[in-house]
Amino acid sequence: MSSVDTIENTPEQEATGHEGHTHDHDHHDHDHSHTPAPVLNPDCTREVVLDIPAEDVTKAFRGVTRNYQKYARIPGFRPGKAPESVIKRKYENEIRKDVLDQILPGKFNQAVAEQGVSPVGQPQVTDLKLEDGEPLHVKAVFEYLPEFSIEGYQNVTVPKPSVEATDEEFNAEMEQLRDSRSTVEPVEEERPLVDGDWALISYEGKIEGSDDTAPIKGEEALVEIGGKDTVEAFTSALRGATVGQTLDVSASYPAEYPQATLANKTVDYTIDVKAIRKRTVPELNDDFAKELGEYESLADLETKVREHVASRKRRSVEGETKDRLFHALVERFPFPVPESLVQEQIDARLERGLRALAGQGMSPEQMRKLDFARLRAAQRDSAAAEVKSGILLAKIAHAENVQVTDEEVDHEVQIGAMQTGESADALLARLTQEGGLARIREQLKREKTAQLLYDRLPA
């Protein structure tokens, strides 16, 4: 933000309660996710002191009050005829706010311009004296974008891994497709369990040394004999067992076991074998390909899968490499980052998270119960890194004269319209009014700059 529209309110003066944050065009209001005015970063904070003559204050009060007098509807008085004293009492706070909005922005922007810095976020008032007929005195602090050199940015590099998909990655994807179409059928013949079978079991377990802990129980659980996710003790006990058998098993879990309650524990189980199931995996052939969708043959499916695996790996490797490059640039060119920008980025990250939760069915009531202070704190480091890399990319884009065409912006608007269900014209009008087009243009410029730096990395 290069100019100041309003001043942040202070506890003793609620005259200007505008927040001043900017958000994406698909923003949803979740007031509980936002934070009050942030504690500004002292390394990129300046102070402005304004003293406005009493006659300017009086003139502003008079004009604002007369405007209220003209349109106010006061019981007992004809429109426009209520005494000025009545208007002042009834609309005291509103009049003070309008007076400040009329006087301060221009004076503040002028004072900031004289300091030769680019302000970001909204200023915070630290001292305010405003009375009709007296000089206006204001002290405010604001954050600014610090100046720093990026000389030598072209020499900052990170390793650039190959984006070529391997045969192993392709084969794993094909196996996953087969697994997704596999079926589990009952085994009717009476025989012992062998590797590759699935045992349908019920079980009850007791953690050794934890007499006061409730038993671990399970019904109708499927366990693969010899499966990579099956605890070895279960495989050993169930291999060779038959339906109807009851088994006693002692299973020791490693310290890194994903279920924390069982990690590094030994559990004594009683297992009842209920049934045997056999998993059938389909053959890779033309029929299998046609069942999956619009594929003419197995060869057609394999071609599409290779393209998909290659595209996914390219996006993943490029994204990870760019992140490492951004980190290297931030390390090479350290600078203080305005806290207001970090908080805005946290807002944006939380908004995306809340939209995802809403899409998964979480209600507004459930959202209000979330610990937003903890969520904000958890996002802070990532948000600060994003802000720093964004500022750096903007400086590099300027140095490289990276341009974004109107056609590229229009393309993003078209995509946004498809995502929101609006017409492109309606979304374009709204973005134009809200300043969203400028944000889209800047985001595209950062992305083009990041791609330029990535493409230049030595292979």
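Reader: At roughly what angle do the axes of α8 and α10 cross?

Author: Bear in mind that this is a predicted model. Helix α8 covers residues 339–359 and helix α10 covers residues 372–400. Their axes come within 7 Å, and the crossing is right-handed. The angle is roughly 115 degrees.

Reader: Nonpolar, polar or charged: how do the residues of that contact divide?

Author: On the α8 side you'll find Leu-341, Ile-346 and Leu-350, among others, but also Glu-339 and Arg-349. They meet α10 residues including Phe-372, Ala-384 and Val-387, along with Arg-376 and Glu-386. Sorted by type, the contact has six charged residues, four polar and 11 nonpolar.

Reader: Which element gives the largest share of the largest nonpolar core?

Author: That core has 32 residues, and Leu-50, Ile-87, Ile-95, Val-99 and Leu-136 have the most contacts inside it. At least two residues each come from β1 (45–52), α1 (54–71), α2 (84–90), α3 (92–115), β2 (118–129) and β3 (136–145). The largest share is eight residues, and it comes from α3.

Reader: How many residues are in the second, separate core?

Author: Ile-346 and Ala-384 are both in this one, together with Leu-329 and Val-337, among others. Ile-346 is also one of the α8 residues in the contact with α10, and Ala-384 is on the α10 side. The size of this second core is 30 residues.

Reader: Which strands stand at the edges of the sheet?

Author: The sheet is open, has three strands and pairs them antiparallel, in the order β1-β3-β2. An edge strand here has a single partner, so one of its sides is left without a neighbour in the sheet. That puts at the edges β1 and β2.

Reader: How many bridges join β1 to β3?

Author: These two strands run antiparallel. One place to look is Arg-46, which stands opposite Phe-142 in β3. Going from one strand of the sheet to the next, the twist averages 25 degrees. As for the bridges joining β1 to β3, there are eight.

Reader: And at about what angle does α8 run to β2?

Author: α8 lies across two strands, β2 and β3. Relative to β2, the helix runs at about 110 degrees.

Reader: Is Glu-320 buried, partly exposed or exposed?

Author: Glu-320 lies in helix α7, residues 298–332. Its relative accessibility is 45%, and the middle class sits between under 20% for buried and over 50% for exposed. So Glu-320 counts as partly exposed.

Definitions and conventions:
Residues numbered from 1 in each chain as written. Predicted model: local features only at pLDDT ≥ 70, side-chain atom pairs only at ≥ 80, totals over all residues. Heavy atoms only, no water. Axes fitted to C-alpha atoms, helices over the stretch in contact; angles between N-to-C directions. Helix = DSSP H or I, 4+ residues; strand = E, 2+ residues; numbered from the N terminus. Left-handed = near helix turned anticlockwise from the far one by under 90°. Contact = heavy atoms within 4.5 Å. Nonpolar A, V, L, I, M, F, W, Y, C, P; charged D, E, K, R; others polar. Core = buried A, V, L, I, M, F, W, Y, C linked by side-chain atoms within 4.5 Å. Buried < 20%, exposed > 50% of the residue type's maximum accessible area, 1.4 Å probe, protein only. Pairing = 2+ DSSP bridges.
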